[in-house]
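Subject: Handover of a structure, with findings

Dear colleague,

Please find below the structure that I am handing over to you. I would be grateful if you could read the notes that follow with the model open beside them.

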Amino acid sequence: MAVMTESAPRRRPLDLNISWTDVGPFLALAALLVVGYLINPDFLSATNLANVITRSAFIAIIAVGATFVISSGGLDLSVGSMAAFITGITIMFMNAVAPHAGIWAIPAGMAVAILVGLLCGLANGLIVTVGRIEPFIATLGTMGIFRALITYLTDGGTIPIDRSLREAYRPVYFGTVAGVPVPILISIAVAAVASFILYKMKYGRKCAAVGANEDVARYSGISVIRTRTVAYIVQGVCVAIAAICYVPRLGAATPTTGQLWELQVITAVVIGGTALRGGKGHVWGTVAGAVILELIANLMVLSDFVSEYLVAAVQGVIIIIAMLIQRFSNSK
Amino acid sequence: MFSRKWIAAATLGALLLAGQAMAQDKKVIAVSIPAADHGWTAGIVYHAQAAAKEINAAFPNVEVVVKTSPSAAEQVSALEDLSASRKLDALVILPYSSEELTQPVKAIKDMGTFITVVDRGLTDASVQDLYLAGDNIAVGTNTAKFMIDKLGGKGDVVVLRGIPTVIDDERIKGFQDTIKGTNLKVLDIQYAHWNSDEAFKLMQDYLAKYPHIDAVWANDDDMLLGVLEAVKQSGRTDIKLALGGNGMKDIVKKVIDGDAMTPVETPYPPSMIKTAIYMTVANLIGQAPVRGTVKLDAPLITQANAKEYYFPDSPF
């Protein structure tokens, strides 16, 4: 994330005005860290920060995909249910293959996860673009479908991963490389690839153009259908990557897996500086947004002066304040 | 999965055969329960279907029909559908909400049907011929008693509670009333919505906040799974006890295996629906009087009696 603040000044002078949007989420993040430290010094302990940032990885990875969808003028409410569905399919596949393939069931299962994610994203994309259904309604529909499917697959209970795979798979969530938890590395990698696509490749510009003004984009010869569909596919793949990191944490899929993730994801994207109505996407801001959300929840537990009944209200207030800090820095 | 389809087909078949059943003077018992949307309700569906299968096989002149509904409104419609086509001799219902279901159930009672209500009581208690429920206060009380005993009456405890409901409040109240006057101290208590993921996060935060914790109580087993994973990750050795509640098969298995951190379990077992169905049948054909209120206790499940509460085939 530090990389981003350094790279901002290197942009063309034309971009200087909007670079505040890039910095805003990080200002809010910094403010939150300071406030957190004042409330409870344990907040900045290495273990706590590692825990919290690792936890935010699922939302961060999915939200990077959502940055594509929202930037292109779409919306995806199905991501939480999709994550649960992919988790379920992945575990069932791994369990089925494990007796024959042993540890190889894990990479095979990961490949299946990506494939399923891709197909789910494609389905969402086609319903929205070719079917010409409002993204809100279309993905509300698939949200119900994915949730019902995972409930059906689990019989309302849980699908636990095979014991023989449990220990081998654990490091994908609990492991570290050079002291950095693996999920953090994965989310940084996902964000890096995404920012390359969004800022350096032609597709990224198409995405922002379609989101900013559909008609103008169409007149400029951009295929709106293709651009939006690809955004949903990217979203599906991101959900699959998040699911791959999620499985080893509790080693099970349940009908409540990923519940309300869609709202956290959308909040992270918006805190990150991407407008809900579409246009330019802010990948690193989105990642900061996801971390901010998780830090707020963490702070609620570490501080003693919020009644357990009021936690959600205080979280809401902090999110609004974080947005105001960002808006304030925007208008400078 | 297949068994559910089979039962669905059987239910449909049963409905089609309704007219014939009446001709043969079969006693019809309708069972209306919530659809499986999380572990505990999945257990309810499993045990209701198991009871229906066993009773239909054992008593040729009794027919048990199980109907699941995904919401209170749909449960009301289901009651109308069940009672429209034939006369019900008995209705066993686990209502979604007491307020919304009281009137519809009363309408069925007025047709002369025996009413058994499970878990959540109706707002008008006179509608219920038999009311059967678990004891949520005892869930808290018995867990607390065990902790006091095991920790020698003193220690630091963190608590994870579920969703703001009567069920959750009663469990917490039972726990807090019991530890009053002992040196057991509740360091923190927060909501984790009966969800493993939220419990995992909350436990990580508790571990970061408190350098010393003697025991954890998650008042539901889904949450306990998240707690155990967080404790395992932290590598901390100060936590002596991590207890849950409800009777999930994975946790009961731990008790059977003599797990050091989770040596006991307190049941609020979904199998109570089965108890209720059997009692209703006893009243209907065995002429065994059952009218009244039955409160199943929440006795500690220990290694000695765990087998009684272990259902390896149940989804919960």
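This is a predicted model: local features need pLDDT of at least 70, side-chain atom pairs count only at pLDDT 80 or more; totals for chains, interfaces and linings use all residues.

**The contact between chains A and B**

Chain A contributes 22 residues to the contact, and chain B contributes 28 residues. On chain A, four helices each supply at least two residues of the side that touches chain B: α3 (46-55), α7 (135-154), α13 (224-250) and α15 (283-302). The most comes from α3(A), which gives 4 residues to this side. Sorted by class, the side of chain A that touches chain B holds 12 polar residues, together with 5 nonpolar and 5 charged ones.

**Two packed helices in chain A**

In general, a pair of packed helices is described by the angle between their axes and the distance between the axes. In chain A, helix α4 (residues 57-71) packs with helix α14 (residues 261-271) at an angle of about 65°, and their axes are 9 Å apart. Since angles of 65 to 115 degrees count as roughly perpendicular, α4(A) and α14(A) are therefore roughly perpendicular to each other. The crossing of α4(A) past α14(A) is right-handed.

From α4(A), the residues in this contact are A:Ile59, A:Ile62, A:Ala63, A:Ala66, A:Thr67 and A:Ile70. They meet A:Trp261, A:Gln264, A:Val265, A:Ile266, A:Ala268 and A:Val269 of α14(A). By class, the contact of α4(A) with α14(A) comprises 10 nonpolar and 2 polar residues, with no charged residues.

**A sheet in chain B**

Chain B has an open sheet of 4 strands in the order β7-β6-β8-β9, with parallel pairing. At its edges stand β7 (183-191) and β9 (241-243) of chain B; each has a single partner strand, so one side of each is left without a neighbour in the sheet. On average, neighbouring strands of this sheet are turned by 15° against each other, direction ignored.

Strand β8 (residues 215-218) of chain B pairs with β9(B) in the parallel sense over 3 bridges. The bridge partner of B:Val216 in β9(B) is B:Ala242. Helix α8 (residues 196-209) of chain B packs on the sheet and touches β6 (154-161), β7 and β8 of chain B. The direction of α8(B) makes about 150° with that of β6(B).

With kind regards

Conventions: Residues are numbered from 1 along each chain as its sequence is written. Chains are lettered from A and ligands numbered from 1 in the order in which they are written. Two residues are in contact if their C-beta atoms, placed from the backbone, lie within 7 Å. Ala, Val, Leu, Ile, Met, Phe, Trp, Tyr, Cys and Pro count as nonpolar, Asp, Glu, Lys and Arg as charged, and the others, Gly among them, as polar. Axes are lines fitted to C-alpha atoms, for helices over the stretch in contact, and angles run from 0 to 180 degrees between N-to-C directions. Angles under 35 degrees count as roughly parallel, over 145 as roughly antiparallel, 65 to 115 as roughly perpendicular and the rest as oblique. A crossing is left-handed if the near helix is turned anticlockwise from the far one by less than a right angle, and right-handed if clockwise. Two strands pair if DSSP finds at least two bridges between them.
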